[in-house]
Every structure is written in C-alpha cells, then in structure tokens.
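Please work through each task before reading its solution.

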Amino acid sequence: MPTIKLLFNKTLSLKITKLKIVLKIRKFEIWKIKNMSDYKNIINNINTLAKKIIKPVNLMEVCGTHTQAISRYGIRQLMPANINLITGPGCPVCVTDQSDIDNLVSLALAGIPIATYGDTIKVPGDFGSLEDAQRKGAKIFAIYSVEEALELKKQHPDLVFFGLGFETTAPMTAYAIQNGLTVYSAHKLFLPAMTHLLKNGLTNIDGFINPGHVSVIVGTEAYNKIQAPQVITGFEAEDVLVGIYLLLKQIHEKRQDVENEYTRAVTENGNAKAYNLIFEVFESGDGLWRGLGMIPNSGLKISIKYQAQDAKVKYQNILNKIKHTYKKNAACKCGHIIQGALKPQQCPMFNTVCTPDKPFGPCMVSSEGACNIEYNN
Amino acid sequence: MNNLIKIDEGGGGQASADLIKEIRDILNIKNKWTNCNDDAAIFNTGKEKIVFTTDAYIVDPIFFPGGDVGKIAMSGTINDLSVMGAKPIGISLSIVIEDGFPKDDLKKIMQSINNVSREAQVPIVTGDTKVTDKGKLDKIVITTSGVGLAQNIISNNGAQPGDFIISSGDLGEHTIALLSKRFNYQTKIKSDSHAFNFELAQVGKYLKACKDPTRGGLAANIIEIADKSKVKIILDEKTLPYKKETTAISNLLGLDVFSLASEGRFIAAVSPKNINKTLTLLKKFNKEARIIGHAESGKGVFLKTSLNTLRPIKMPKGKLIPRIC
Amino acid sequence: MCLAIPGKIILIKEDKAEADFMGARKEVNISLIDLKLKQGDYVLIHAGFVIQKLSTKDAKNSLDAHNKIVIQ
C-alpha cells in the first residue's frame, strides 16, 4: 500500500496593505495506512467531519479512473449521508461531441482507415459507430498507443488517428504528429472545464477530487486559479479516502487550497516537457464538449505549422458536406450526467433501451462513463 | 433484434447468451437428449449416460506461448466432457484450412493434438478435412466434438448456501499469453491450456457445480453457477486466483481481469465437509488450487473488496477492447 | 481518463526503454520525460509512454513507520 509523504507547501503571499508579509505554511499530515483498522480510522474521520459540516456536500471527481476506483472499492457505500460523490466530465470518450463521431464515421465509410483508442469505436452517432462502419467494410483499428498507429501508417499511408483525451494524452498525439501521423483532433484541456463547471455548471460543486494523471503533466500550481477546494488524488482506495477527508477538512475550515495527496507522482511543475510539447503542436481554442457546449480555450486544434497532418484540413471536402442532425443526441441525457446534474437512473433510457450491449450514448459505452459504471454496480 | 451478427455475440458475454438463445429457440427438437442448454448434452441409456459436446476453435495467433490452436481444440472438448463428470472416450476432428496455409504448421498443430490425445488417453476417432480458397477463411478453423460416458453427472446448478467456491489454479493465463503478440509485451505466462480429465476425475464426486472458465472468464461462469443454483456467491478479493503479472498486464491494457479466459482450469462449488480432501487432491496437480469465495442464500455475484464493501460482478461485455482512459 | 500504471525500467535504448510490470515486459517510449532515467527506476506509464518517474520508496510501497492519521 502506498505511503503518502509529507508535503510542505510554503505559500508566500505578499500583502501590500499595511506592508505586511504573510508567510503561510501549510503542513499536511503524513499518512501511514497499514491495514483495515486504518481505513476505519479515515472513514471515522470522514464521518466526524461530515457531522460537523451538517449540510450536503457535493464533491466532484473529474477523472474516469477515479469514477472506476470509487465503484471498484465501493467507496460510495462508506460515505456519510450528506456527502455526495458526483461524477464529472472526466471521461474523454463521453465528452466527445457527436459531431466528431459522425465526422470520423463518415471518413471511415469514405474509405479512410481510422485508428483510435479502444472504447471510442463503440460510440453511436447518426451514421452508426466506428464499429458499425467496420462491419460495412471500413478499416478501423482499436489501439493502445500512438506508436501502433505510426506502425499501421506504414501499411496504410492515409491512416487518420482520432485523437481524444486531455492533458495526459495530448502529448502522445503531439509526438505522433511530429513523427508524421495525420490526426483528427478532438483533444481537450481539462482545467478550463473545471472553471466552467464552477461558473455555469448545473450542479453546486463544493470541492474537486483533482485528476491524478492530468496533474502529473500539468503540476499543482496550474490549479491555483480554480476557485474551489481541491485535492489532487491518486487511485488506490486509501488515496481516494484520504482525498475525500482532506477536502472535507478544507470545507469545514472554510479554506480553498490545492492540496496534493498524490505526491509520489505529482510535483509542483508537473512534466514540463510533455506539457510544452502539447503547445508546440496544438493551439488552444474553443472546445465543443458534449453536454457542456462550447468552453473557451479548452479545445486543442492542430497549429498551422502542422496543417499538412490535420485531417480536418486534409479532408475538409468530405467533412464540410456532412449534415449534423444530432438525432441520436435527442433523448440521451449523457450531457447532463457528465456534469453530475442527473444521475444515470434519472435518464429514462437507462437500463431500458440503453445498456452496455446496446448503448445510446457514450456514458454507457465507455467503461469510464457514469452510466456504464452504474449499470455494472 | 439486430439483423447483422456482431463480433460481441461471439465473445461469451450477454450478447453471446442472447444469440445462442435465439438459435436454440429455432432448433427445438431434442428427442430423448437432455441438458441441451449446457456445456454438453446427455443421453441416458439406462445403464449409463452418454455425454456429447462440440466446439469450434478460431484463434489469433494460432501459435502462442504454451500452445497452439490444436492443443486448445483437443483439451477444450476433453474438458467440456470432464466438467460434466464424463470420462471422454473419443473425439472427432474437423479442420477447415485456407489455401496457402503452410503444411509444416499444419503438422505442428496435428502433433499438438496428438500430444494431448496421448497424455489424456483420449483418441481422435474420426474427422474431416476441407480446404477453402485463399481469403475465404483466416488460416484455419478446428472443430472438435467429443463423446464421454458418465454414471453421475456433475451439474452446474448444485451450489448451496454454505458451500465453498474453489478454483483449480490461477486463471486468465490463456488470454494473457494470447494477447502478448497483439499488444507487444513479453511475459513468462504461458497459456494454461491442458486437458484436466484425470485431475477432475479425482474430485468429481465432491463437486456440486462445476464449469471451466473459458469464454467470458471467471465472471460469466461464476454468474452461471450462481444463477442456475439460485444462490448468492461472494468472491474474496484477497484470494482471487490471478498472478500479479496477470493483473499488471490487465491494468496496463485496461482489460477486465474477470473476463480473461482459461483453457485448463475449472471452478466448482464444494460442501464444507469435502473441502479439505478436495483441495488436498487438487493441490497435487496445481499448488495454486484454492478457495476463492463462498455461496450464501440470495442472488447475484459479488466481490468483497479490501475495504469490506461488496461490489457486484456483472457479465463481461464481449470482445476485449483495451482502454487507455 | 488517464489510466497509468507503474513499471520498472529494465533497459534503456535511446528514446525507448523496456519496462517490467510484475514480470511482464513491454517497450515504452521515454521521449516525453526530461529526467534522466536509469535501470531500476520506477516510472508511471500512460498509453505506452513514460510520463513520470516515481520515487523508489513510494513505488515499492515502503512500510517504514510514519505518523498515523491525526484524529480530529
């Protein structure tokens, strides 16, 4: 079991008023979690804090792997009644707008080989899913790494890689573009979405369980501009429980800090090389998120320098002709579910017409989607 | 119902079960055969029971660490008879080969089949060989059918509250070995493919329900036992029968470890009074044989997590697709 | 998002490395990390690329004594 190290976070804040220099030192507890009695210990502490806070608290996790971890360990079963763990839009497949799915399916049906990460191939759009296109003869490759795509390109020179994912995954696509891969980018930046959710979201968010691996790339400093209690959390059971505890402590003490529970992997500056590579290849601009709409500065578009490998430019003749009617979208509540505004059970299609075998929307397709996870638990 | 067959419907998950039901609804003549919805059908002659089963083997790659398509084709059918409590007496072998398939490869596969035949002491007694045009088939498809004789049939619905659930060894290793070439990793894990007729015969009389977790992995097969026996089964995370390397590779690729197939293992329900002798006998064949859970009244299959919470185990989806996110 | 798992570096060859995952070995790409990696380092891998180096002590799940959780 992981040991969470002491983190000293010295925040120097210069208060010019009355020429006072306030030195804030935040010392975070060292946790040593040995066995079940320690889990009980953290859970007791969570219960104690929840009682003191009294009112309902909404903690949003924004990473599909956290959604999975919470289900996997049955963490919701251990939460006091007033603590709600809400699933946010951290599943990249789930937040990919249907227009992008329709575009890729159209390219596939036009004979262009497509490679993408796993779950994506099952997401249904107006013209079916990529998997349906494969059934009709299109060449679709579900891959684990862009390296496989680069390899496939040798046999299929006109291969297009459907790039999706956040700050953790965009560097890999950037690397692949620099190595000659043609890409349709649906990549997004996650941090702008967190601010958007606080301002315009349909749910009240009292704190964020910050995404562990996005944080490995962006570091901890980047989150300071987000005005909410945050804890960057790892993915083991004890990480998540400690993260929840630290958030409740912030809420109880009326603080809004960025705390790092995942110190074994996340540093203040993150992985600068990977992060900077994103911006050597991409530019940020408007990003279209399923259910959340347009979020400024959250979309990653391939820069002019690499235009020759931008599938949106290369195949604009096909893409411009596509009429997006969003038929599939109409009844699907995925857009509300990914913001935590609705629970999967509140979607009329959940577990009736929409199941993992016959999914209507990406929340049911993706193994990180809230509906899929709810169905399986 | 969909009008085009989907790859998921061959994956052993819910979609497969649905397709098989559709087919069974059409093929409704059984005469005196019973148990036709199971691993093997039964014909009671009065003196003993004839057990009959069949399976087709399509595998990519056809040669993998620990075996090849021939080894699993032969072992698989022998095992399907064994889990019913039958002594396999003869296997038929049907091969369909693509034009251009290397003859040496065919000979290697036949040799593998012969090795299993010799070790398990079960003969191939009849067969058929066809060759298709190039492109009309992917390399080779092998179908084996098997006949066995049994006095007492081991059911898959005899688990009762209080019974222990056991596994004859570590699971999932066939799939892990098979995927190593596709996903480019090196592993010491070899396919667990082997014929377990002798192993199972030692403990057959103690098994109240038994399945071999091939397609659909542990999840699909334990759910079948629980549903058919009308019990609730709780597996313990602390005693799950998977090597660390298996779990690590599943985590790396984002696969569900419970859906990984084994080709030489069985899971079973055993009453408390027989558990010690059953495990003592099984450990002679595989020291990883162990208790992995227990049955209670109720329904469903659950995993008791390291936090003592209960997490439901559901039928696997179908084709294994890796995820990165 | 971001399924990443820890592995141990066994061999380094230019911009690639061979990583060990509890016995399984896979080639991973190390061009997205600035730190100098060496044999025996524990790293975090996402989609076939190393994204971070982990401290050996943490990665090996050290059981050295530390303070317990502060009771409120």
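Helices (H or I, at least four residues) and strands (E, at least two) are DSSP runs, numbered from the N terminus. The model is a predicted one, in which local features need pLDDT of at least 70 and side-chain atom pairs count only at pLDDT 80 or more, while totals for chains, interfaces and linings use all residues. Residues are numbered from 1 along each chain as its sequence is written, and chains are lettered from A and ligands numbered from 1 in the order in which they are written.

**Exercise 1.** Identify the residue that follows α7(B), and state which residues of this helix are buried.

*Solution.* Begin at the end of the helix: Gly254(B) follows α7(B), and its phi is positive, near 75°. Next, apply the criterion for burial: a residue is buried if 20 or more other C-beta atoms, placed from the backbone, lie within 10 Å of its own, exposed if 12 or fewer, and partly exposed in between. In α7(B), residues 244–253, the buried residues are Thr246(B), Ala248(B), Ile249(B), Ser250(B), Leu252(B) and Leu253(B). Finally, consider what covers them: the cover includes α4 (173–182) and β10 (185–186) of chain B, as well as β1 (4–13), β2 (16–21) and β3 (24–29) of chain C.

**Exercise 2.** Describe the order of elements in chain C and its burial.

*Solution.* Chain C contains five strands and one helix. Read from the N terminus, the order is β-β-β-β-β-α. Of its 72 residues, 40% count as buried.

**Exercise 3.** Determine how strand β13(B) is paired and which way its residues point.

*Solution.* Two strands pair if DSSP finds at least two bridges between them. On this basis, β9(B) (residues 164–167) is joined to β13(B) by four bridges, in antiparallel fashion. β11(B) (residues 207–211) is likewise antiparallel to β13(B), with four bridges. Ala269(B) is the bridge partner of Ile165(B), and Ala209(B) also stands opposite Ala269(B). As to direction, Ile267(B) and Ala269(B) point one way from β13(B), Ala268(B) and Val270(B) point the other way, and all are buried.

**Exercise 4.** Characterise the packing of α2(B) against α3(B).

*Solution.* Two packed helices are described by the angle between their axes and the distance between the axes. Axes are lines fitted to C-alpha atoms, for helices over the stretch in contact, and angles run from 0 to 180 degrees between N-to-C directions. Here α2(B) (residues 69–82) and α3(B) (residues 103–120) pack at about 30°, with axes 7 Å apart. The crossing is right-handed, that is, the near helix is turned clockwise from the far one by less than a right angle.

**Exercise 5.** Describe the open sheet of chain A and the helices that lie across its strands.

*Solution.* The sheet has five strands in the order β4-β3-β9-β10-β11, with parallel pairing. Its edge strands are β4(A) (83–87) and β11(A) (258–260), each of which pairs on one side only. From one strand to the next, the twist averages 20°. Within the sheet, β3(A) (residues 57–61) and β9(A) (residues 207–210) share three bridges, and Glu61(A) stands opposite Ile209(A). Helix α2(A) (residues 64–72) lies across β3, β4 and β9 of chain A, at about 120° to β3(A). Helix α11(A) (residues 237–252) lies across β3, β9, β10 (230–232) and β11 of chain A, at about 155° to β9(A).

Conventions: Contact = placed C-beta atoms within 7 Å.
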